[in-house]
Amino acid sequence: MSNGRIKVGIPGLDDMLGGGLIPGSICSIIGTYGTGKTTFSLEFIWDGLKKKENVIYISLEEREDRILKYMTLKGWDVEPYLNKSLYVIKLDPTDFNLANNRIKNELPKLIDEVKATRVVIDPISLFEDLFTTDFDRRQEMFRFIEGLRDKNCTIMMTSETQPDNVFASRHGLIEYLSDTVILLRYVRPSDLTDVHLALEVVKMRMSAHSREIKPYELQQDQVLVYSEANVF
Ligand SMILES: Nc1ncnc2c1ncn2[C@@H]1O[C@H](COP(=O)(O)OP(=O)(O)O)[C@@H](O)[C@H]1O
Ligand SMILES: [Mg+2]
C-alpha cells in the first residue's frame, strides 16, 4: 500500500520511512563518496518514471551520458523516457554565476514547464561550495529551498560529508533545511576484515520513522536494505 507516500524505490528504506517520502517534501541523502548517494537518487528517479511521473535529474558531478549509462547498466530502459518525462541536466560546478542562475532561476521554471513531480540535485554540496561566505550560502540556500516548497514536487538532494565528521553534510546546512535526512556511511568492524554500509533515517518531519541503523548493499541492479538485520 502506498498510503500517499512517494516511494524512494528501495523497499527496505521505504519501510523505514513509513512507506516513503511525504509528497512535496525535501529529502537529503548524506554520505561520503562511494556510499551510494547517486545510486539512491537514480532509484528515486526510476521509481517515478515507472509511475509515469515527470522527473528532472540535475547532476553537478557526472555527465548526462554517464548518468544514462548507469541507468542502462542497471537494466532500466530509460531511452524512451528521455526528454519526454526524463530530463537530465549537467551543471558546471566551477562557474558560480552560471550554476547559480540555472539552479535558482531556470530550475523552478523547468519544474513548472515539464510538470515535474520528482527532482534530484546530485550533489548539492558542489553547488554549496561555490558561495564565498557562510552568510551568503545560508541565505541563498534557504531562499532556494523555500522557493522549491511552493512546487508540487518531491525533491532529493545529495551531499558529501565533512572531512572529519561523517554524520554532517559538507556545510552542515541542508540537514536543517530538509524535511527528511538519510545518512549513509561505512561501518568498519573492529577486526577490520570487511567494510559494511549502513543507513539510518535521522530526521523526518511530520512523520513517524524507524530510528534503527540498517545494513545495505549496492548491487548491480538494486539496493538491498537488510531491514531484519542489525549492524551492531
Ligand atoms: N554495477 C555495480 N555493481 C555493484 N556495485 C556497484 C555497481 N556500481 C556501483 N557500485 C557500488 O556503488 C558505489 C558507488 O556508488 P555511488 O552511488 O556512485 O556513490 P556516491 O554517489 O555516494 O559516491 C561503488 O563504489 C560501488 O561500490
Ligand atoms: Mg555520486
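**Inside the fold**

Modeller: Arg185 counts as buried because its relative accessibility is 12%, where buried means under 20% relative accessible area, exposed means over 50% and partly exposed lies in between, with a 1.4 Å probe and protein chains only. The model is predicted, so local features need pLDDT of at least 70 and side-chain atom pairs count only at pLDDT 80 or more, while totals for chains, interfaces and linings use all residues, and side-chain values use heavy atoms, with hydrogens and water left out. Residues are numbered from 1 along each chain as its sequence is written, and chains are lettered from A and ligands numbered from 1 in the order in which they are written.

Arg185 belongs to strand β8, residues 180-187; helices (H or I, at least four residues) and strands (E, at least two) are DSSP runs numbered from the N terminus. The side chain of Arg185 makes a polar contact of 3.4 Å with that of Glu200, a polar contact being a pair of N or O atoms within 3.5 Å, of which, within protein, one must be able to donate a hydrogen and the other to accept it, and residues adjacent in sequence count only if both atoms are side-chain atoms. Arg137, in helix α6 (residues 134-149), is also buried, at 8% relative accessibility, and a polar contact of 3.4 Å joins its side chain to that of His171. Leaving aside neighbours within four places in sequence, Arg137 is in contact (heavy atoms within 4.5 Å) with Glu128, Phe131, His171 and Leu173.

We can turn now to the nonpolar residues. In soluble globular proteins, nonpolar side chains tend to be buried together. A nonpolar core is a set of buried Ala, Val, Leu, Ile, Met, Phe, Trp, Tyr and Cys residues joined through side-chain atoms within 4.5 Å, and the largest one here has 35 residues, with Leu13 and Phe40 making the most contacts inside it. The largest share of this core, six residues, comes from α2. Beyond neighbours within four places in sequence, Leu13 touches Val8, Phe40, Ile182, Leu199, Val201 and Val225. Apart from this core lies another, of 33 residues, including Ala99, Leu110, Ile174 and Val181.

Helix α2 also contains Ile45, which is buried because its relative accessible area is 0%. Not counting residues up to four places away in sequence, Ile45 touches Val55, Ile56, Tyr57, Met71, Leu86 and Val120; Leu86 stands 41 residues from Ile45 along the chain, yet their C-alpha atoms are separated by 8.4 Å.

A residue is near a molecule if one of its heavy atoms lies within 4 Å of it, and the residues around ligand 1 include Gly36, Lys37, Thr38 and Thr39. An oxygen atom of ligand 1 is 3.0 Å from a polar backbone atom of Gly36, a polar side-chain atom of Lys37 lies 2.7 Å from an oxygen atom of the ligand, and an N or O atom in the side chain of Thr38 is 2.9 Å from a ligand oxygen.
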